Amino acid sequence: MSTAVTARRLDPTSVERPVLAGWGGIVLALLGLWLTLPPVLVRTPLPSLVLAAVAAGLGVWVVREGQRRLGWGAVVVAVLCAVGAVAATRSGQGNLERVIVWSALAAAMLRFATPLVFAALGGVISERSGVVNIGLEGMMLVGAFFGIYGTDLTGTWIGGLLIGMIAGGLLGLLHAVFAVSLRADQIVSGFAINFIALGLTGYIFLHHYGDQGTPEGLPQVPDISLPIDWIPFFGPALDRLNLLVWVALILVFLVWLFVFRTPAGLRLRSVGENPRAAATVGISVYRTRYLAVIASGMLAAMGGAFLSIGFVHSFSQNMTAGRGFIALAVVIVGKWRPVAALAAALMFGFSQALAQRLPVFSESSATLLQALPYVVTLIAVAGLVGRSTPPAADGVPYSKE
Amino acid sequence: MSEGEGQASLTVASRLSGYLRGGGVIAPLLTALIAFFVGGLVIAVTGANPFSTYKAIFDGSGLNWLFPWISHDDRTTAALNLQQTLITMTPLLLAGLAVAYAFRAGLFNIGGQGQYFAGLYIGVWVGSSLHGLPGFLHIVLALVLGTLAGAVWGGIAGFLKATTGANEVISTIMLNYVALWVGVWAFGLGGPLHSDHDPNVPISNPVVKNARLPVFWGDPELQGLHVGIFLAGVAMIVFWVLLNRSVAGYEARAVGFNPDAAEYGGIHAGRTYTKVMLVCGAFAGLAGVIDILGWQFAVATNDIQNAGVVGAGFIGIAVALLGRNTMVGVFFSALLFGALINGTSVRNLDPAVFPPELATNLTLIIQGLIVLLVSAPVIVTALYKLRPRRTRPNEDAPA
C-alpha cells in the first residue's frame with residue numbers, strides 16, 4: 001500500500017508539468033548563483049546569467065500555464081540570483097571566502113533557527129487546538145528573563161530553564177483563561193500578553209539588577225562536542241552546537257509524533273478543526289485548549305531561555321526583538337506542521353546568519369541587512385499564505401451551550 | 001450582524017469592534033480602574049506606596065493645572081508638565097485613529113509604528129533639506145510628504161492582504177521592523193541621511209528653524225506646546241467624517257461587518273482593505289511628521305530603536321481599544337495614556353517617590369492589562385450589564 005503511494009508520487013507524469021518546470025527553474029537559478037560562490041568561484045557572471053534567464057523564461061511559461069504563484073516565484077528567484085551572482089563576481093575573492101564558509105553558515109543558521117523552532121512548535125500545538133497565540137513573543141521574553149533569573153537563583157542552568165518554562169506556562173495559562181474561558185478575541189488578548197511580558201520582565205529586571213545588567217559568569221547550557229570534525233562540512237557545522245539546538249531538533253520529531261501519530265494528537269487536531277464535533281464524542285474542548293496553550297507557552301519560553309542562557313549569556317530588555325512574531329510566520333509558512341515549520345525556521349535562520357556575516361563588505365549596509373529576516377518573512381507570508389490552510393476553528397472562540 | 005463560527009473571513013478584529021461599538025463610558029472607565037488597581041498592587045509589591053506614586057505620576061502629568069486651588073508656583077510647573085503631556089498625547093491620538101480606522105474595517109493594524117517611522121523619516125528629510133524655502137510652504141510640504149509616506153507604508157500591508165491574502169497582523173509587524181532597521185541604517189554612521197555635522201553621532205540633520213511647527217503655549221526654548229495638536233484635532237474630524245459620512249467609510253464599515261456580505265452587495269473587499277490601510281498609514285505618518293517638526297527636530301538611531309518597543313504606534317493600539325474605536329473615545333484615552341507616559345517619564349516623576357525607569361515598565365503593564373481586559377467581550381458586556389449576544393442558531397440547538 002505505502003509502496004504504491006510512493007511510486008505514484010515519484011512518477012513524473014502524475015505531477016503537473018508546469019509545477020515541475022517552475023521548481024526546475026528555481027533550482028537552475030540557485031545553481032547559477034552557487035557557481036559564483038566558494039568553493040567553485042566562477043569569476044564571470046555569464047553562466048549564472050544564462051541560467052537565470054532560462055529560469056525566468058520557465059517562470060513566465062509557468063505563469064501562462066496558470067500556476068501564477070509558482071511562476072512569479074521562479075521569476076523573482078531568478079532575478080535575485082542574477083543580482084547575487086553579479087554582486088559575487090564583482091566582490092573580492094578573499095571577502096567572499098571569508099563570508100561564505102558553508103559549514104560556519106550552517107552552524108549559525110541552526111543557532112539562529114533554534115529559538116524560532118521552539119516557539120514555532122508552541123505555535124503549532126496552540127493553533128492546532130484552535131487558539132491563535134500572538135503572545136509567543138511575550139512568552140519567549142519571560143522565558144529569556146526567568147531563564148537567566150532562575151539560573152541566578154538556583155545556581156544551575158537546569159533550574160533556570162525550568163523556572164523560565166514555568167513562567168512561560170503561567171503566561172500561557174493567562175492567555176488560555178482569556179482566549180478559552182472568557183472567549184476573548186485571541187489576537188487582541190495575545191497582543192496584551194506581549195505588553196504585559198515586556199513590562200513585567202523590564203520591571204523585575206531593573207528592580208533586581210538595576211543598571212548593572214545580569215551578572216556575568218552564570219552557569220550556561222553546555223555545548224555538545226562531537227568527535228566528528230573530520231567529516232567535511234558536517235563535522236565543522238555540527239561538532240560544537242548547544243545542547244538546546246539538539247533538543248529543538250529532537251522536539252520537532254516528538255511534536256510531529258505527538259500531533260500526527262498519537263490518539264491525544266488526533267484529539268488535539270479535532271478540537272482545532274471542529275470543536276463541536278469533538279465535544280460530541282466526549283473530548284473536553286476547554287481542557288485540550290488549556291493544555292495546548294500552556295504547552296505552547298512552555299515551548300516558547302524554552303526558545304527564549306536558549307537566547308539568554310544558551311546563546312547571548314545575558315538579558316536585556318525586549319531581547320527577543322520580534323522573534324516570536326517571526327515564529328508565528330514560521331508556523332504559517334510551515335503550514336501548521338512541525339517538520340515544515342523546521343524547514344521554514346531554517347530559512348529564517350539562514351537569512352539571519354547571512355546578515356550577521358556580511359559586515360565584511362560594508363559596515364553600514366550590514367545594518368540595513370538586519371531587516372533581511374523580516375523582509376523574508378513578509379515575502380514568505382505573502383507568497384505562501386494562499387497555499388496554506390489553517391485549522392478550521394483556528395482563532396474562533398468556542399462556547400459550551 | 002450574524003457571526004459564523006466557521007467563517008474565517010469574519011476576522012476577530014471585526015467581531016471585536018462589534019462588541020466595542022455600543023454606547024456608554026462605564027466599561028472603559030472600569031477597565032482602566034481595574035488595570036490601575038493591579039498596577040498599584042505591582043507598586044506595593046516593590047515596596048513603594050501606590051497612592052503617593054500615583055499622586056506623583058498625576059502631578060508629573062501636569063493635569064493638576066486644571067485645579068483652581070493650587071499655588072502660583074505649582075501652576076507654573078504644572079503648565080510646563082501639561083504642555084509636555086499634550087505634546088505626548090498628539091501622536092498617540094493620531095496613532096489611535098490609525099488603529100481604530102482599521103478596526104472598523106475588520107483589520108488589526110499593528111503597523112502604526114512602522115507607518116509613524118515612515119512619516120518621521122520623510123519629515124526629517126524634507127525638513128532638514130530645502131533650505132531657503134518659505135517656512136509655511138516648507139512645513140506644508142513636509143507634512144504632506146510625510147503623511148503620504150505613512151500612507152504608502154500602511155498601504156503595502158493592505159495591498160498584500162488584497163492580492164495575496166497575507167494576514168495583516170504578520171505583515172504590519174514585519175513592516176515595523178523593516179522600517180526600524182531602514183531608519184537605523186539611514187541615519188546611522190555612514191548612512192545616506194546621516195548628519196553632516198556630527199560625524200561620530202548616529203543622528204540625522206536637524207530640521208531647519210523655518211520648518212519647525214510654531215509654539216503657541218509656553219516657551220519655544222523650553223519645548224512649549226506646538227500647533228500639532230490642532231492638526232490632530234483636524235484629523236479627528238476627518239476620521240469621523242470619513243467613517244460616517246463618506247462612501248469610502250461606508251464601504252470600510254460594511255467590509256468590517258461582514259466581508260462576504262459586502263462583496264455580495266458590490267463592494268470590492270480587497271480594494272477596500274488597501275484603501276483603509278492607506279488612510280490608517282496617513283494618520284500614523286502624520287503623527288511621525290508632527291513629532292519631528294514639533295519637538296524632536298532630529299532623529300537619533302537610539303530613539304528609533306527605543307520607539308520600536310514603546311513607540312506611539314504601539315501605544316496607539318491600546319488607545320484605540322480603550323477608546324472603543326470612536327473619535328471621542330480615542331481622544332480621551334490618548335489623553336490618559338499621554339498623561340501616564342509623561343507622568344512616569346524620567347524628567348517628570350520624582351525619583352524619591354518612585355524610580356521613573358520602573359514606572360515606564362509599569363505603564364506597559366497597565367497598558368497590557370487594559371488591552372487584555374478589553375479583549376474579552378464577556379467582560380465588556382458584563383460591565384455593561386448587557387446580556388451577551390446569542391450565538392448563531394445551530395449552536396443553540398442541542399448537539
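**Helix packing and nonpolar cores**

Helix H8 (residues 228-245) of chain B and helix H9 (residues 247-257) of chain B pack at an angle of about 70°, with their axes 5 Å apart. This is a predicted model, in which local features need pLDDT of at least 70, side-chain atom pairs count only at pLDDT 80 or more, and totals for chains, interfaces and linings use all residues. Residues are numbered from 1 along each chain as its sequence is written, while chains are lettered from A and ligands numbered from 1 in the order in which they are written.

User: Why is H8(B) called roughly perpendicular to H9(B)?

Analyst: Angles under 35 degrees count as roughly parallel, over 145 as roughly antiparallel, 65 to 115 as roughly perpendicular and the rest as oblique, so the angle of about 70° makes H8(B) roughly perpendicular to H9(B).

User: Which residues of H8(B) and H9(B) meet?

Analyst: Leu242(B), Leu243(B) and Asn244(B) of H8(B) meet Ala248(B), Gly249(B) and Arg253(B) of H9(B), where contact requires C-beta atoms, placed from the backbone, to lie within 7 Å. These residues divide into three nonpolar, two polar and one charged.

User: What makes Leu268(A) in helix H12 (residues 263-273) of chain A count as buried or exposed?

Analyst: A residue is buried if 20 or more other C-beta atoms lie within 10 Å of its own, exposed if 12 or fewer, and partly exposed in between; Leu268(A) is buried, as are Ser270(A), Val271(A) and Gly272(A). The buried residues of H12(A) pack against chain A helices including H6 (102-128) and H11 (243-261).

User: Which residues touch the most other members of the largest nonpolar core?

Analyst: Val330(A) and Phe283(B) do, among its 237 residues.

Note on methods: Helix = DSSP H or I, 4+ residues; strand = E, 2+ residues; numbered from the N terminus. Contact = placed C-beta atoms within 7 Å. Core = buried A, V, L, I, M, F, W, Y, C linked by C-beta atoms within 7 Å. Axes fitted to C-alpha atoms, helices over the stretch in contact; angles between N-to-C directions. Nonpolar A, V, L, I, M, F, W, Y, C, P; charged D, E, K, R; others polar.
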